[in-house]
Amino acid sequence: MRVVVIDNVMPAGEAVARALDGTGHEAVWVPAPRLLDGLLRTGGFGLALVDLDFGREPVSGLTALRSLAGHGVPSVIYSADSEENRLLFLLAAFEFHSPVGLITKETTGAQIRELVTAVGRGDRPSGPLRGDRYRPPAHGPSWLDRLLPTSVDLAIWEQLPYYTNRNVLAQTAHVHVKTVDKFLARHWPHVEELHRTFGGPAFLHPPETAAGDAMLRQHRPSRLAQLHGFARTHLRFFRDAELRRLITSRTHRPRT
Amino acid sequence: MHGSDADTGAGSRPTPRPAEPLPHLPAAARSGVSTPESSAPSYGVALRAGTSLWRAGVYFRAACVAGMWLLLVLPGAAAGQPLRAVAQLSVTSAAVLLAHLHTRLGTLERLTGARLSPARRLAAHLLGVNGRATMDASGFAETAGALSALWLFTGPLPVPGLSPGIRIAGIVLGVLYSLSAAAQAMIDAGWYSPYQPPSRGLRRLRPLLPLVFSGMLVAYLFPYNGTAGVLPVPWYAALCATPLLYYPMWACYEVLLRAAAADETAHRAVWRQESAVALHSISRNSLSLLRQYLDEPDPDPQEVRRLVREAMLQAEEARLDIQYGSDRADPHRFGELWELVLRTFPAPQQDCCTTDADSARLSLGPVDYQIARRVLPDLLTNAFNAGARRIEVSCALRDASGTAPPTVCLTVRDNGPGVAEDPAAGGPPHRSSRLLRHWLTVYGGELTWRPAAAAGDVARNSGTVASAHWRAQDSGDRGTRSPAGEEQVQPPDFGESGQGEHRSCESW
């Protein structure tokens, strides 16, 4: 089976090639999603390992997942889940494209062989390689349903990393100030819950600073400021062109 | 980004429950405010804005002075004491010239080396007070200039013989001159300087300055006599009140400064976050790949060294990305890759390596850059391992005739005794050179080692020529281009099986 590795750094592709050496599977590396269609047209690919972050490239793995889905190639996310800014990308990938599994940059060669062999046999990966942690629930709203129910929410999330003034935020997102207030009230519990669910190893806890602590004592914490911090962490996600396409062309009504 | 801004976010929230800080957010973000310096007007912004505004103000005052000169020479002006009028207006003109000189830092620096001692001292003084909120020579001169100009047309001893119309026009121009000069003092960048902050006394005086200027105008324009009384009372009152306009102007200026500082802080925070994540991701991924390889049975030390060098290369790239970002004209130039790769070798080995100017100027597409980035360190390492003391590297784009795609050729010539065997032929299956040959095959290329003589290098009796070539992979504006600038790209072409036609670079 030919396995395409979409990652902006070649050593990641080589690591997969090394892992698959002698298994009868062949790894082909592609450094950017924009080159993927040309390769997929040649056919013969049974699996794709997709990174979610492409450094300088202004695209994400979500674009690659769409190409792969269009060619009927099953995909596995191949991403660093230790980065706090990957979380929403992972959730979106599993929500919109249902990849068969997840491996991280720390996954061992043996695990990569196990996963590729399982997919080659037509089985689904087992254990943590399934990435169940990031899959949308069978019932009830998904994380993205809650965080991005409409394109208006996306417009506010897009601007939130840069502004902590609700009036300015409303202006830049082209919405009414009351919409911003509702947004803050609606999304605050979601972000809290997201943190409770995925906190721990997926998040980095920044050190407290003396200046920050002094400020904390003087000022009441505001949701806007805290959601601003959350949006800043996930700036790339909220400004991803493919996400915008997915949200605006979403056919199903978000479950709330 | 100010505390008050963030607090407004809590103002009309539908849910009354106070927000608990998220532990994963920075303390400053959780508190709803930014760090103290973020809410203060930025001295840098004030300095940049002030420099432009100052220069524009000088030109405005020069226009006012020119207008006053014009009033004196107009037909029918008939100043009663022409020499006095010229002398008074000359004081104002000299003050404007001095203010203009104060905006020309280069000229001032040259004047500090002047032979004339007063000029030297004046230049040193003006340079010394630059960026500080303090009274300086140009400030004093402009105050004197304003008084001199105004008391030419009004005041206790106005120049006689001017028609009422010319006198009123002169007074208005003089007031505009004074307003402009005083406005510079109100918005001087020195008020915001963290390095040489204004004294407490000056800071307390600042809010009173409009009133002080207003009081000065009351005194300057007072109808001391019939000649000065030509100015109608409503005009007198209005002109004296004009400095009060400084209050809204000052407020707008502060708002703009604070907004610029807040915007800069927000973008800096985003940039810092992105840089931190990028650095963390790059270093952690590199080390993860290394650990992954070390966990394999029977890891090859040569491959371990290569992975370490790869991590060093990524660190260098991250530094360049963060340091220069999108300012880099062509981040995929072979010359840039060459510099990066050399930095991962010890200094004595760096001195052994050269490349030619054409190769350095070759602009690679992103994919070809990645392939070259993978090939170059391996070929250099192999050459050094084979005992090379001198290595010449070239990279070129060979255009194919007809419809065939161009080929990127990377050649490494060394003066070593030569490799005993094809480095890509033997060794464990996961050896770097074998993997490299595999990748090049996928991209329609090949990797060869040949003795220099066999490769057609008649100038050498010994040495090896290692050659890697592959089909140029990139298309579009960012594609691989020869140094001359002509586009020589082809759309991605992986072939039916991903295997390409092999061409040797020596055959070109």
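Biologist: How many salt bridges does the rule find across the interface of domain 1 of chain A and domain 2 of chain A?
Modeller: This is a predicted model, in which local features need pLDDT of at least 70 and side-chain atom pairs count only at pLDDT 80 or more, while totals for chains, interfaces and linings use all residues. Residues are numbered from 1 along each chain as its sequence is written, chains are lettered from A and ligands numbered from 1 in the order in which they are written, and side-chain values use heavy atoms, with hydrogens and water left out. Chain A is divided into domain 1 (2-134) and domain 2 (143-252), with bounds that come from an automatic or database domain assignment. Taking a salt bridge as a side-chain nitrogen of Lys or Arg within 4 Å of a carboxyl oxygen of Asp or Glu, the number found across this interface is two.

Biologist: Which residue meets the side chain of A:Asp53 in a salt bridge?
Modeller: Side chains of opposite charge can pair when their charged atoms come close. For A:Asp53 the N to O distance is 3.1 Å, and the partner is A:Arg236.

Biologist: How much area do domain 1 and domain 2 of chain A bury between them?
Modeller: In contact (heavy atoms within 4.5 Å) are 22 residues of domain 1 of chain A and 25 residues of domain 2 of chain A. Buried area is the accessible area (1.4 Å probe) that two parts lose on being put together, summed over both. Of this area 64% lies on carbon and sulfur atoms, and in domain 1 A:Glu84, A:Leu88 and A:Phe96 lose the most to domain 2, together 33% of what that side buries. The area buried between the two domains is about 2,100 Å².

Biologist: Which two strands of chain A stand at the edges of the sheet?
Modeller: Helices (H or I, at least four residues) and strands (E, at least two) are DSSP runs, numbered from the N terminus, and two strands pair if DSSP finds at least two bridges between them. Five strands of chain A form an open sheet in the order 2-1-3-4-5, with parallel pairing. Each edge strand has a single partner, so one side of each is left without a neighbour in the sheet; these are strand 2 (26-30) and strand 5 (101-103).

Biologist: What angle does the direction of helix 1 of chain A make with that of strand 2 of chain A?
Modeller: Strand 2 runs parallel to strand 1 (residues 2-6), to which five bridges join it, and A:Ile6 stands opposite A:Val30. Helix 1 (residues 10-20) packs on the sheet, touching strand 1, strand 2, strand 3 (45-50) and strand 4 (75-78) of chain A. With axes fitted to C-alpha atoms, for helices over the stretch in contact, and angles running from 0 to 180 degrees between N-to-C directions, the angle between helix 1 and strand 2 is about 175°.

Biologist: How many residues apart are A:Asp7 and A:Lys105?
Modeller: These two residues form a salt bridge, with their closest N and O atoms 3.0 Å apart. A:Asp7 lies in the loop between strand 1 and helix 1 of chain A, and A:Lys105 in the loop between strand 5 and helix 5 (109-120), so that the pair links distant parts of the chain, separated by 98 residues.

Biologist: In chain B, which residue of strand 3 is the bridge partner of B:Arg398?
Modeller: Five strands of chain B form an open sheet in the order 1-2-3-5-4, with mixed pairing. Strand 2 (residues 391-398) and strand 3 (residues 407-414) run antiparallel and are joined by eight bridges. In strand 3 the partner of B:Arg398 is B:Thr407.
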